[in-house]
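Me: I've got a new model open and I'd like to learn how to read it piece by piece. Can you walk me through it?
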Amino acid sequence: MITTTYNVNSAMMNLPFNQFNQKTMKPVKNFKKTKKILMIEDDQDMIAIITKSLKMKYFCSIDVAQDPFEAMNMMTEKFYDLIILDWQLPGLNGTETLVQAEKGLKLEPSLPIQWDRVKVPVVIFSSSKKNECLPRRTKHFDYVGFVSKAQPLHDIVDALGEYIHDEKSFRYQSA
Amino acid sequence: MSTVDIPNEARLKYIERRRTDLENCRKALLQDDFKTLAQVGHQIKGNAITFGFEELGILATELESSALEKDKKQLGLILDRFGLYITKT
C-alpha cells in the first residue's frame with residue numbers, strides 16, 4: 001500500500017495514502033477501507049492502463065493475475081472485494097476459471113475466513129458481447145455486471161468505478 | 001492531465017506492440033493458423049478503442065470474423081490494411 005508521512009505534533013505517522021485530503025494534507029474523517037480488487041486479465045496493454053487509472057481515480061489496491069491458475073492461487077491466499085474478470089483467458093474462459101477456482105477454494109484449509117461469509121462480486125470485462133458471456137452460478141462468486149472493453153478508457157474507468165463503489169447492485173443473468 | 005488521459009508514450013508503445021502482432025499474424029496466415037489470427041483480432045478489438053485507435057478496432061473486428069470464417073483472401077487484405085495503419089500512425 002502507498003503510504004504518506006503526516007506530521008502530527010511533531011510525531012511522524014505513516015498512514016495510508018487515501019486517508020488524506022490531497023490539497024490540505026489533513027486526514028479525511030470518513031475514511032473508507034481501501035477496496036482490494038483482483039483483475040484477471042492477460043492483455044498487457046489493458047492491465048497497464050486500467051490498473052493505473054483505477055488506482056489513481058479510486059485509490060483501490062489491485063492485484064493482477066494473468067492466467068486462471070495464478071488467479072486461483074491468489075484467491076486462496078487473500079480475500080477480494082471485487083473481481084474484474086476477462087472472459088477469454090489462456091486455457092479457460094471466464095466461467096470455467098471461476099468454477100475451477102471454486103474447486104480450489106473448497107480444498108484449501110487455510111482460506112481467509114471472509115470467503116465463508118460473503119460472496120465476491122465479479123464484473124465481467126470483455127471484448128465479447130454481453131450475451132456471449134453467460135456465467136454459471138457458484139457458491140463464492142456473485143456476477144454483478146458486464147463492462148465492454150471496446151470503449152474509450154474514461155468510459156471503462158467510470159463503468160468499473162460504479163462497481164468499485166457498490167453503486168450497481170443488480171444481478172447479472174446467469175446461465 | 002485528468003486521471004483517465006492516456007499518455008502519448010503509452011499510445012506509442014501500444015502501436016509498437018501491434019507491429020509484433022502483425023508479424024505474428026502474417027506467419028499465422030502462412031501456416032493456416034486461424035486460431036492465432038482470431039485471438040489477435042479479438043484482443044485488439046477490445047483494446048484499440050480504449051487507447052484511442054477506433055479505426056484499428058474496426059480492422060481487428062474484421063480480422064477476428066474473417067479468421068473464424070477461415071477466409072484467407074480477406075485475411076490477407078485485412079493484414080495489408082493493418083500494416084498501412086501502423087505505418088501511418
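Me: How many residues does the largest nonpolar core have, and which of them have the most contacts inside it?

Reply: Keep in mind that this is a predicted model. The general idea first: in soluble globular proteins, nonpolar side chains tend to be buried together. Here the largest nonpolar core holds 47 residues, and Ile50(A), Leu54(A), Leu37(B) and Leu56(B) have the most contacts inside it. Its largest share, 7 residues, is supplied by helix H4 (residues 153-164) of chain A. There is also a second, separate core of 26 residues, with Leu85(A), Trp115(A), Ile124(A) and Tyr143(A) among them.

Me: Let's zoom in on one of those. What does Leu37(B) touch, not counting residues up to four places away in sequence?

Reply: Skipping those neighbours, Leu37(B) touches Cys25(B), Ala28(B), Leu29(B), Leu63(B), Ala67(B), Leu75(B) and Leu79(B).

Me: Two of those numbers make me curious about the helices of chain B. Where are the buried residues of H4(B), seen down its axis?

Reply: An α-helix has 3.6 residues a turn, so residues three or four places apart point the same way. In this case the buried residues of H4(B) are Leu75(B), Ile78(B), Leu79(B), Phe82(B), Gly83(B), Tyr85(B) and Ile86(B). Looking down the axis of H4(B), they fall within an arc of 160°, so they line one face of the helix. On the other side, Lys73(B), Leu84(B), Thr87(B) and Lys88(B) are exposed.

Me: And what covers the buried residues of H4(B)?

Reply: The cover includes helix H1 (8-30), helix H2 (34-47) and helix H3 (54-68), again from chain B.

Me: Which residues of H3(B) are buried?

Reply: The list is Leu56(B), Gly57(B), Leu59(B), Ala60(B), Leu63(B), Glu64(B), Ser66(B) and Ala67(B). They pack against H1, H2 and H4 of chain B.

Me: For contrast, how exposed is Lys55(A)?

Reply: Lys55(A), which sits in helix H1 (residues 44-58) of chain A, is partly exposed, with a relative accessible area of 39%. Beyond its sequence neighbours up to four places away, Lys55(A) touches Cys60(A) and Ile62(A).

Me: Now the backbone. Which residues have a positive phi without being glycine?

Reply: The background is that most residues other than glycine have a negative phi. One of the exceptions here is Phe59(A), with phi near 50°. Phe59(A) is in the loop between H1 and strand S4 (61-65) of chain A, and it is partly exposed at 34% relative accessible area. Asp32(B) has a positive phi of about 55°, and its place is in the loop between H1 and H2 of chain B. Lys70(B), which follows H3(B), also has a positive phi, near 55°.

Me: What pattern does chain A follow along its sequence?

Reply: Chain A has 4 helices and 7 strands, in the order β-β-β-α-β-α-β-α-β-β-α. Of its 175 residues, 49% count as buried. Contact range is worth a look as well: among contacts in chain A between residues at least 6 apart in sequence, 60% join residues at least 24 apart.

Me: Last one: how much area do chain B and chain A bury between them?

Reply: About 1,500 Å², with 62% of it on carbon and sulfur atoms. In terms of residues, 15 from chain B are in contact with 20 from chain A. For charged pairs, the rule finds 2 salt bridges across this interface. Arg18(B) forms a salt bridge with Asp45(A), where the closest N and O atoms are 3.0 Å apart.

Notes. Residues numbered from 1 in each chain as written. Chains lettered and ligands numbered in written order. Predicted model: local features only at pLDDT ≥ 70, side-chain atom pairs only at ≥ 80, totals over all residues. Heavy atoms only, no water. Core = buried A, V, L, I, M, F, W, Y, C linked by side-chain atoms within 4.5 Å. Buried < 20%, exposed > 50% of the residue type's maximum accessible area, 1.4 Å probe, protein only. Helix = DSSP H or I, 4+ residues; strand = E, 2+ residues; numbered from the N terminus. Contact = heavy atoms within 4.5 Å. Arc of directions from axis to C-beta. Buried area = accessible area lost by both parts, 1.4 Å probe. Salt bridge = Lys/Arg side-chain N within 4 Å of Asp/Glu carboxyl O.
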